[in-house]
Amino acid sequence: MTEYFKSSDLDKFNEGKLGDLDKENWDNFLNYYANIMGEGKLAVRTKALIALSVAHAEKCPYCIDAYTTKCLDLGISKEEMMEAVHVASAMQAGITLATSVQMKNIIDEMEF
């Protein structure tokens, strides 16, 4: 295997090939996913931008591929998509800094 991520592998997910391994749970997941990602209190457009930013934060190339395409299909601009990615980036930076409070607490306890 020369590369870990192959865009064509996303088709295996979309075609339900993972369901071959555990059909009942796969079908349950697809039902849940369809319900959550459909129109609700949040618009599908908003959910697609959230999904795109989470895909980047979690570093999932398959999800980045899928949700970049979904956003474009929904007419979301490249500027809006990039802003969503920046929101995810800012959150990750903030989370990293906020959790440094634990480090600071230990330093404070150990300093004389």
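Trainee: Fine. What kind of model is this?
Mentor: This is a predicted model.

Trainee: How many helices and strands does the chain have?
Mentor: Five helices and zero strands. Read along the sequence, the pattern is α-α-α-α-α.

Trainee: Is the chain spread out or compact?
Mentor: The chain is more spread out than a compact globule, because its radius of gyration is 19 Å, well over the 13 Å that the globule rule gives for 112 residues. Along the principal axes, the C-alpha atoms fill a box of roughly 60 × 35 × 35 Å.

Trainee: What share of the residues is buried?
Mentor: Buried residues are 20% of the 112 in the chain.

Trainee: And the surface, how much of it belongs to carbon and sulfur?
Mentor: Carbon and sulfur atoms account for 61% of an accessible surface of about 8700 Å².

Trainee: What about contacts across the sequence?
Mentor: Take the contacts between residues at least 6 apart in sequence: 51% of them join residues at least 24 apart.

Trainee: On to the core. Which residues make up the largest nonpolar core?
Mentor: Nine residues: Ala48, Leu49, Ala51, Leu52, Tyr67, Cys71, Ile76, Met81 and Ala84.

Trainee: Which helices supply at least two residues each?
Mentor: Helix H3 (44–58), helix H4 (61–73) and helix H5 (78–110). H3 gives the most to this core, with four residues.

Trainee: Ser53 is in the list of things I wanted to check. Where is Ser53, and is Ser53 buried or exposed?
Mentor: Ser53 is in helix H3. Ser53 counts as buried because its relative accessible area is 13%, and buried means under 20%.

Trainee: What is Ser53 in contact with, leaving aside neighbours within four places in sequence?
Mentor: Ala84, Val85 and Ala88.

Trainee: Where is Lys59, and is Lys59 buried or exposed?
Mentor: Lys59 is in the loop between H3 and H4. Lys59 is exposed, with a relative accessible area of 61%.

Trainee: Now the start of the chain. Where does Ser7 lie?
Mentor: Ser7 lies in the segment before helix H1 (10–14). At 40% relative accessibility, Ser7 is partly exposed.

Trainee: How far is Ser7 from Pro61 in space?
Mentor: Ser7 and Pro61 are 8.2 Å apart, C-alpha to C-alpha, and 54 residues apart in sequence.

Trainee: And Tyr4, where is that found?
Mentor: Tyr4 is also in the segment before H1. Tyr4 is exposed, at 68% relative accessible area.

Trainee: What are the distances from Tyr4 to Pro61?
Mentor: In sequence, 57 residues; in space, 9.9 Å between the C-alpha atoms of Tyr4 and Pro61.

Technical notes. Residues are numbered from 1 along each chain as its sequence is written. This is a predicted model: local features need pLDDT of at least 70, side-chain atom pairs count only at pLDDT 80 or more; totals for chains, interfaces and linings use all residues. Side-chain values use heavy atoms; hydrogens and water are left out. The radius of gyration is taken over C-alpha atoms; the globule rule is 2.2 Å times the number of residues to the power 0.38. Buried means under 20% relative accessible area, exposed over 50%, partly exposed in between (1.4 Å probe, protein chains only). Contact means heavy atoms within 4.5 Å. Accessible areas come from the Shrake-Rupley method with a 1.4 Å probe; for residues, only the protein chains shown count as cover. A nonpolar core is a set of buried Ala, Val, Leu, Ile, Met, Phe, Trp, Tyr and Cys residues joined through side-chain atoms within 4.5 Å.
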